[in-house]
Amino acid sequence: MLFAGEVVRLKNPYEVLGVSSLDTLSEIKDRYRKLCKKYHPDLAGAEYTAKFQEINDAWEYIKTHTKDDKPKQYWSHKSLFTVERKSF
């Protein structure tokens, strides 16, 4: 939940997964699966729940914003990923 005046900055999803925005979707998917196995709370412990969720969110963002298996440069407009709410 955001409150008036708060600024939320999302992490770069490519950095979260440790890949480049120039990698293909299949390469990114392979990295995503490896990270899921490494940080899954049932395997790594409950303390990795937040990290696991962050990995899933990054993958969902990349998957949703990529229509084919070609590299994309979606993260170039960082201002699009900033939520700002000002008090009235």
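# Salt bridges and ring pairs in a predicted model

The side chains of K11 and E54 form a salt bridge with an N to O distance of 3.0 Å; a salt bridge here is a side-chain nitrogen of Lys or Arg within 4 Å of a carboxyl oxygen of Asp or Glu. This pair links distant parts of the chain, with K11 in the loop between β1 (7-9) and α1 (13-17) and E54 in helix α4, 43 residues apart. Helices (H or I, at least four residues) and strands (E, at least two) are DSSP runs, numbered from the N terminus.

The model is predicted: local features need pLDDT of at least 70, side-chain atom pairs count only at pLDDT 80 or more, and totals for chains, interfaces and linings use all residues. Residues are numbered from 1 along each chain as its sequence is written, and side-chain values use heavy atoms, with hydrogens and water left out.

## Overall layout

The protein has four helices and two strands, in the order β-α-α-α-α-β along the sequence. Of its 88 residues, 27% are buried; buried means under 20% relative accessible area, exposed over 50%, and partly exposed in between (1.4 Å probe, protein chains only). Among contacts with a separation of 6 or more, 63% are between residues 24 or more positions apart, where contact means heavy atoms within 4.5 Å.

## Salt bridges

The structure holds three salt bridges.

| Salt bridge | N to O distance |
|---|---|
| K11 and E54 | 3.0 Å |
| E54 and K51 | 3.8 Å |
| K63 and E60 | 3.1 Å |

Side chains of opposite charge can pair when their charged atoms come close. E54 and K51 are three residues apart in helix α4, so about one helical turn separates them. K63 and E60 are likewise three residues apart in helix α4, about one helical turn from each other. Through shared partners, salt bridges join K11, K51 and E54 into one network.

K11 is exposed, at 58% relative accessible area. E54 is partly exposed at 23%, and K51 is partly exposed at 28%. In the pair formed by K63 and E60, K63 is partly exposed at 36% and E60 is partly exposed at 39%.

## Aromatic pairs

There are two aromatic pairs in the structure. Rings of Phe, Tyr and Trp (its six-membered ring) pair if their centres lie within 6.5 Å; planes under 30 degrees apart count as stacked, over 60 as edge-to-face and the rest as tilted. Y32 and W59 are stacked, because their ring centres are 5.0 Å apart and their planes lie at 15 degrees. Y32 is buried at 16% relative accessibility, and W59 is buried at 7%.

Y39 and Y48 make a tilted pair, 5.5 Å from centre to centre with 55 degrees between the planes. Y39 is buried at 16%, whereas Y48 is partly exposed at 33%. The charged end of K51 sits over the ring of Y39, 5.6 Å from its centre; this requires NZ of Lys or CZ of Arg within 6 Å of the ring centre and within 35 degrees of the ring normal.

## Around N56

N56 lies in helix α4 (residues 49-64) and is buried, with 16% relative accessibility. Apart from neighbours within four places in sequence, N56 contacts Y32 and C36.
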